[in-house]
Structure formats: C-alpha cells, structure tokens
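Thanks for coming. I will go through one structure today, starting with a ligand and ending with a sheet.

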Amino acid sequence: MLVVKAEGRRAQQEWCEHLTTLAPWLAIRSHGFEEVRDEDIAYALAWDPPPGWLASLPNLKMVISIGAGVDHITQDPSWPRHLPLVRMGGEEIGQRMGEYVAWACLNLLRNGQGFARLQAERRWKHLPAANTARDLTVGIMGMGTLGARAVPMLQGLGYTVIGWSRGRKTVEGAESYAGSDELDAFLARSDVLVCLLPSTPETSGIINAGLLTRLPAGAAVVNAARGAHLVVPDLIAALDSGHLSGAVLDVFDTEPLPEDSPLWAHPKVTVTPHVASIARRRERARFVAGVIADFEAGRPLPNLYDPIRGY
Ligand code: NAP
Ligand code: GLV
C-alpha cells in the first residue's frame, strides 16, 4: 500500500486519483482521510510529513518526496534514514525550472520590477536596458539536475553560462567550476548568480555578505533553491549599497513570506511564492508509479537521496 501525505485534502485526493490510474496494482490511500493500518503501509509519498510519522510505520520500504528537495522530510530527526528516499523527478520539473530561471534573468535584464512599479503608478517612462543577454554571464550555483536543464534555455537567449558544483561537470556549453577552490573565480564572472543548490549544512547561509562582495559590481541574484541559502539582511545591504542591481527570490526561510518582510516592498526585489517549478500532479504521479515499479522489480532507483552527501 502507498499512502499519500500532501499539502492538504484536495491535493491528496488528486494524487490518489492519478496514482490509482497509473499504478493500478497498488492500493493507494490518503493520509488522515482514509482508514489505514500502519503495518500495511509499504510506501509513503510525502510533503512535510508530521514529525515521527514515517518512523512509526513498521513495514515501510521506501519514501518518495513530493518535492525535488527533501529538507521537508530530513528535518524530522526521526525520519527512517536506512530506507531509500527518492527525490521527485521527471521531465517537467526541469522544464519549469529552466523557464523560471530564464524568466528571472530576463526580468532582471529588462527591468521588469521597475516597469511593474511604473505601471502601478500609471507613469510612462523609459528605463533603458544597459546590456543585452550577450553581454552577461549567468553563474549557476548547483549545476545538478535542474541547473543543467536551465543551460540551453539561457544560451538560447544569448547568455554565457557557467556552473559551480562539488564535482566537475560536463554540461555542453557551460564551463564548469568545482569545489571551494574555484568558487572565487566562478563568482567573479557571475553577472547573474542563480542558486540551485540543495539545502545542506554546508550550503546554509552560503549567499552572505562575504560571497556577495565577490560578485561583479552591478550583479544580480536569483534564488530558486531554498530560503536557507540566503542571508536576507546581507542581500538587502548589498542592494542598498548599489553593489547589487536586483534579486529575484522564490524561496524563503519562512513561507509564506511574512507580511512585514522588507523584501515585499524593496524596489530591487521581485518575490514569487515558491512556484519556480511545480510540475503537474499527473506528470509527477507518472514518475512515482515508475519508481515503485523499479523498486518492486529490483531495478536501480532514480533520484536517490544520499544520506552521506546530504542531498
Ligand atoms: P541536485 O540534482 O541534487 O543538484 C545539486 C547540485 O548542487 C549538484 O550539482 C551538487 O554538486 C551541487 N552541490 C551540492 N552541495 C554542494 C556544495 N557544498 N558545494 C558546491 N556544490 C554543491 O538538485 P536539483 O534537483 O537540481 O535541485 C536543486 C535545488 O532546487 C534544491 O534545493 C531543490 O530543493 C530546489 N527546488 C526548488 C523548486 C522551487 O519550486 N523553487 C523546485 C524544485 C527544486 P555535485 O553534483 O558535484 O554533487
Ligand atoms: C520544490 O521546492 C521542490 O523541492 O520540488
């Protein structure tokens, strides 16, 4: 049996409907809304599961994360780390993240935030773009599954693209920087810094004052990974000093972003409500059905979380 714990009753119902069609051999139940005996649960498909719930299931065999990030699961100290944990995958997540990153870079390039404000004030004013995409380099911090998907989209727009990760990557057309030794060289070239790192103890607070000063003057920041990566007061200070020209932020330490956050009204900041890449449920359910079929056939699992690396 697979039990779905998602973002609410309707979401769970929709997941169950898709999975019943796509994995007809499996019993599918909605957490908290259907009678289930804990000992019958073999698989859990989860977003933000209640602390202790996964650990309480005696016959659980695998956990599948409803997100590509797994911090909402691993933040529970009791999560069963001896079991396979699979991060959400599938074609559409990469497509949507690539679209978001491309949109964010163009929004920064063409002064989308400035024009939105002028429109709200009914003011007709030119805000010329100093550069074209061909003049700029986008540095993708975290050249993993999603980062690699953004590369061809950005290149198609004319940007030069470089990437930074722990290990060296061969992503066509994107020069690869690896490890802490090469971080400075990567930052020095990043006119737009795009964060697509996983949330781990090493990456927590990585976008801080020290890092921001190493970006070129006039650089911009896009964070579509997790709020934990960004030290917000340091970002605001760098924007206010004029060192940074703008930021597009999709993820925050506290979500929803509190009403009193200075980010909402900052003239150089565009806020989106954690929507960078939410694939349609049917597409994600197709991935889940495939993962369970792989597991039951003893095939290697895609997108497997590595508890040693922490992502
Ligand atoms: P991924 O495939 O695991 O890629 C992560 C990349 O980060 C890898 O290239 C990895 O390097 C690199 N990395 C990890 N730790 C590092 C470190 N300490 N120093 C340097 N590089 C490091 O992850 P993904 O699926 O692309 O997801 C990326 C992020 O997007 C996650 O934070 C996820 O939560 C977030 N996300 C957000 C949304 C949204 O809607 N906003 C949607 C989906 C995902 P190696 O490959 O060399 O190990
Ligand atoms: C969304 O943030 C995800 O992790 O997929």
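Look at Y311 to begin with: one of its polar side-chain atoms sits 2.3 Å from an oxygen atom of ligand 1. I call that a polar contact, a pair of N or O atoms within 3.5 Å; within protein, one must be able to donate a hydrogen and the other to accept it, and residues adjacent in sequence count only if both atoms are side-chain atoms. This is a predicted model, where local features need pLDDT of at least 70, side-chain atom pairs count only at pLDDT 80 or more, and totals for chains, interfaces and linings use all residues. Residues are numbered from 1 along each chain as its sequence is written, chains are lettered from A and ligands numbered from 1 in the order in which they are written, and side-chain values use heavy atoms, with hydrogens and water left out.

Back to ligand 1. The side chain of T145 has an N or O atom 2.7 Å from an oxygen atom of the ligand, and for R226 the corresponding distance is 3.2 Å. Alone, ligand 1 exposes 940 Å², of which the protein buries 91%; accessible areas come from the Shrake-Rupley method with a 1.4 Å probe, and for residues only the protein chains shown count as cover.

Who else is around it? There are 29 residues around ligand 1, and T145, G167, K169, L197 and Y311 come nearest; near means that a heavy atom of the residue lies within 4 Å. Domain 1 (2-90 + 279-297) and domain 2 (92-271) each give at least three residues to this shell, the bounds coming from an automatic or database domain assignment.

Now ligand 2. Around it are G67, A68, G69, R226 and H274. R226 has a polar side-chain atom 2.7 Å from an oxygen atom of ligand 2, and H274 has one at 2.5 Å. G69 uses a polar backbone atom, 2.8 Å from an oxygen atom of the ligand. Taken alone, ligand 2 exposes 190 Å², and 82% of that is buried by the protein.

Last, the sheet. It is open, with seven strands in the order β8-β7-β6-β9-β10-β11-β12 and parallel pairing. Strands are DSSP runs of E, at least two residues, and helices runs of H or I, at least four, numbered from the N terminus; two strands pair if DSSP finds at least two bridges between them. Why do β8 and β12 each have one side without a neighbour in the sheet? They stand at the edges, each with a single partner strand. β7 (160-165) also supplies at least two residues of the shell around ligand 1, as does α5 (145-157).
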